[in-house]
Amino acid sequence: MVDWSLARQIARFAAGAGGSGTPLEVDFGALVEQSEPHLREYTGLAPTGPIPAPESIGRAEWSEINIDSLAALLAPVSERLSERLDSAGPFAGPLRAVTGATLAAESGLVIGYMSQRVLGQYEVSLLDVQQAPRLLFVAPNLAKAIRELETDRESFLGWIVLHELTHVLEFSGVPWLREHMAALMREYMRTVQVRFERGAAGGLPSLPDPARIVQEFREGGLVALVQTGEQRKLLGRVQAAMAVIEGYSEHVMDVVGERVLPAYAGLRDSMERRRRSRSYPERVLQRLIGLDLKMRQYEDGKAFCDAVVERGGIDALNRVWEAPEALPTLTELRAPAAWLERVGPQPAAPAAATG
């Protein structure tokens with residue numbers, strides 16, 4: 001019932017200048033090929049399949065890809081909403097039209113705004129594990145960031161590739177991770193309820209903002225949408241897992257970047273300044289769509305990963321990939337020593353056979 005064609009139009013409009021992409025003279029394929037062995041050597045993770053061919057895209061194309069992901073994510077909620085609207089009597093038609101257009105507009109605006117900020121994305125479907133992942137780099141945003149940060153072009157691009165390629169190794173090199181996150185997502189979407197709040201018009205549908213669902217779920221910031229104890233427990237697991245996934249990539253890109261990039265010094269400081277240098281209206285919008293939670297996720301996850309490596313090296317940190325049960329809780333995320341005490345710095349030795 002959501003008019004996704006309208007959402008795409010609004011997203012393209014909100015993407016603004018550079019939506020079709022400005023050619024960026026860079027061979028992402030070569031950067032990926034150069035980066036992979038360094039990442040594998042440090043992390044010990046190896047992809048189980050081929051790495052997706054990197055794609056240099058514009059903002060409009062990024063918006064459409066993510067609108068499609070949002071539509072798939074919201075499909076079960078949209079079906080429940082449609083069923084409820086069918087019971088709204090004479091208001092069913094108008095409510096369906098207004099609600100569908102409103103959700104499309106909100107979704108398009110948020111995705112369009114995001115398209116101006118994203119530098120790269122490992123697009124992996126958590127609803128359809130058979131869908132092939134994509135490795136995306138948003139060319140006009142990368143070009144803009146290089147100009148604004150006044151940083152070494154080749155080192156910056158290589159650094160971003162290290163970040164996204166680490167995500168590839170995480171989801172491809174950890175056999176259970178994609179299905180585990182997909183299961184959490186399916187379970188959360190099952191808990192999203194569609195209800196009606198009676199008003200002057202006879203009844204208006206009320207449900208969590210769809211754009212916040214897709215963005216904040218991916219970023220682990222769904223706390224604002226929690227309604228039940230079941231959701232709180234589920235979202236705590238999601239937040240902790242996403243913080244580790246992002247924090248691991250942030251840790252790795254710094255360690256490997258310092259080793260292999262010719263002009264690594266200052267990249268981290270420049271990136272942190274970029275993430276925080278926003279006007280007041282932009283900061284308000286970021287808070288509304290969960291981007292401030294994303295920045296805290298980067299910070300908390302990276303702090304956890306850095307602390308674990310400092311205590312036990314990368315082998316200790318890689319214990320997070322042993323099983324879903326090895327992932328830290330939200331409490332452990334802020335207390336790395338407690339997590340290490342629970343899982344141990346090294347894998348448990350197999351029990352000796354008895355005869």
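Is tyrosine 248 buried or exposed, and what is its relative accessible area? Tyrosine 248 is buried, with a relative accessible area of 0%; buried here means under 20% relative accessible area, exposed over 50% and partly exposed in between, using a 1.4 Å probe and protein chains only.

A word on the model: this is a predicted structure, where local features need pLDDT of at least 70, side-chain atom pairs count only at pLDDT 80 or more, and totals for chains, interfaces and linings use all residues. Residues are numbered from 1 along each chain as its sequence is written, and side-chain values use heavy atoms, without hydrogens and water.

Let's start with the whole protein. Buried residues make up 55% of its 355 residues. The fold has 14 helices and 5 strands, taken as DSSP runs numbered from the N terminus (helices: H or I, at least four residues; strands: E, at least two).

Now to the aromatic rings. The whole structure holds 4 aromatic pairs, meaning Phe, Tyr or Trp rings (for Trp, the six-membered ring) with centres within 6.5 Å; planes under 30 degrees apart are stacked, over 60 edge-to-face and the rest tilted. Two of them are shown here:

| Pair | Centre distance | Plane angle | Type |
|---|---|---|---|
| Tyrosine 122 and phenylalanine 171 | 6.3 Å | 45 degrees | tilted |
| Tyrosine 248 and tryptophan 321 | 5.2 Å | 70 degrees | edge-to-face |

Because tyrosine 248 lies in helix α9 (residues 229-260) and tryptophan 321 in the loop between α12 (291-317) and α13 (330-333), their pair ties together parts 73 residues apart in sequence. Tryptophan 321 counts as buried at 7% relative accessibility. Tyrosine 122 and phenylalanine 171 are buried too.
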